[in-house]
Amino acid sequence: MSRPVRRVVICAIGLVLAAVAVGVSGVAPPLWPGGAANAGSTAAQPLGPALKTFPLFARHASTGKLRAYEANGTGGLKSAYELGGGFGEATALVQANVSEGGRANDLYHRSAGTLYYTAEHGNDTKVIGSGWDIYDTIVSVGNMGGSAEPDLMGRDGSGNLWLYQAKPDGTLAARIRVGIGWNGMTLVGRGDYTGDGKADLLARFGDGSLVIYAGTGAATVDAVVGTRYAAGTGWGAYKTLASAGDTDGDGKTDLIAADAVGALWLFKGTGNAAAPFAPRVQIGTSGWAAFDVLF
């Protein structure tokens, strides 16, 4: 079931980024999409099941403004929410449904080498740590380590890939090495693509081939991912790849891709590792080339 993206988390992050950029402090009360001030209380919010479908966020390359697109439940996207500016300063932006038992849309973002976390409800953005500029890629991958919360992965300049398991408050456990030799790949996560109930990692290589690395469900050094499955060729035609979970409501994780001319495509997941995606369906006709980040 779709639910509105709540603007509280976005406004909080945007204001923090602005504060970093100009050297000021203080955060104004964030707003809900309808414009009402958030009281900062989660007690009054209805709690449904942990999220399986996520909004698609998009950052405009030239303006730094952020938009959010909710899934319409049949594979397409609803009209965008404009979520404000100030995001051009972020060098990494990822979603993770950590808070409220996996029911909220939270964000991690990196600015000037520092990683921050903001829960969907409340007014606080917390510092997770400094030194995160050693990673050229940070990706939200779902629950790959076997704990209750979704995890992050970071790839360093030497091609080493690391897993950070999240805690209920958004902080992260000590990193665990996923493996070596991950240079040059585009990494995407947040879902089970093999149908075994465990979160997997997608990797696009420089030759345009796509591979699924099946998650093992274990936070074990060099054994976080296991079996490798080929997922097709020709993926180099797409400028950006992103997962918004189960976009079409059939219980299987899908993949979204924007091509170089600005069209948006949905690859519906099948849950079959041997043929993980159905033929693509166009869900956006133009304008998507203007976004440099989809997440």
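The side chain of Gln165 reaches the backbone oxygen of Gly145 at 3.3 Å. That is a polar contact, meaning a pair of N or O atoms within 3.5 Å; within protein, one must be able to donate a hydrogen and the other to accept it, and residues adjacent in sequence count only if both atoms are side-chain atoms. The model is predicted: local features need pLDDT of at least 70, side-chain atom pairs count only at pLDDT 80 or more, and totals for chains, interfaces and linings use all residues. Residues are numbered from 1 along each chain as its sequence is written, and side-chain values use heavy atoms, with hydrogens and water left out.

Stay with Gln165. This residue is found in the loop between β10 and β11. Helices (H or I, at least four residues) and strands (E, at least two) are DSSP runs, numbered from the N terminus. Gln165 counts as buried, at 15% relative accessibility. Buried means under 20% relative accessible area, exposed means over 50%, and partly exposed lies in between (1.4 Å probe, protein chains only). Beyond its neighbours within four places in sequence, Gln165 is in contact with residues including Gly145, Gly146, Ser147, Thr171 and Ala219. Contact means heavy atoms within 4.5 Å. Met153 is 12 residues away from Gln165 along the chain, and their C-alpha atoms are separated by 8.7 Å.

Now take the strands around this loop. An open sheet of 4 strands has the order β8-β9-β10-β11, with antiparallel pairing. Its edge strands are β8 (135–142) and β11 (176–179), each of which pairs on one side only. From one strand to the next, the twist averages 30 degrees. Axes here are lines fitted to C-alpha atoms, for helices over the stretch in contact, and angles run from 0 to 180 degrees between N-to-C directions. Two strands pair if DSSP finds at least two bridges between them. Strands β9 (residues 151–156) and β10 (residues 161–164) run antiparallel and are joined by 4 bridges. In β10, Trp162 is the bridge partner of Gly154.

Next comes the packing. In soluble globular proteins, nonpolar side chains tend to be buried together. A nonpolar core is a set of buried Ala, Val, Leu, Ile, Met, Phe, Trp, Tyr and Cys residues joined through side-chain atoms within 4.5 Å. The largest such core has 17 residues, and those with the most contacts inside it are Met144, Met153, Val178, Trp182, Leu187, Leu201 and Tyr213. Elements giving two or more residues to this core are β8, β10, β13 (201–204) and β14 (210–215). Another core lies apart from the largest one; it has 16 residues, among them Ala92, Tyr108, Ala119 and Tyr164.

Turn to the aromatic rings. A search of the whole structure finds 14 aromatic pairs. Rings of Phe, Tyr and Trp (its six-membered ring) pair if their centres lie within 6.5 Å; planes under 30 degrees apart count as stacked, over 60 as edge-to-face and the rest as tilted. Tyr108 and Tyr117 form a tilted pair, 5.0 Å centre to centre with 45 degrees between the planes. Both partners are buried: Tyr108 has a relative accessible area of 1%, and Tyr117 is at 3%. Tyr135 and Tyr164 are edge-to-face, 6.1 Å centre to centre with 85 degrees between the planes. This pair links distant parts of the chain, Tyr135 in strand β8 and Tyr164 in strand β10, 29 residues apart. Tyr135 is buried at 3%, and Tyr164 is buried at 10%. Elsewhere, ring pairs link Tyr193, Trp235, Tyr238, Phe267 and Phe277 into a cluster.

Tyr238 leads on to another strand pair. In β17, its bridge partner is Asp259. Strands β16 and β17 (residues 255–259) pair in the antiparallel sense over 4 bridges. Of the 5 residues of β16 (residues 238–242), 4 are buried, so this strand is largely enclosed by the rest of the structure.

Ala58 is buried, with a relative accessible area of 0%. Asp292 is 234 residues from Ala58 in sequence, yet the two are 7.6 Å apart in space, C-alpha to C-alpha. Leaving aside neighbours within four places in sequence, the contacts of Ala58 include Leu66, Tyr69, Trp288, Phe291 and Val293.

Finally, the whole chain. There are 2 helices and 20 strands. Of its 295 residues, 52% count as buried. Among contacts with a separation of 6 or more, 46% are between residues 24 or more positions apart.
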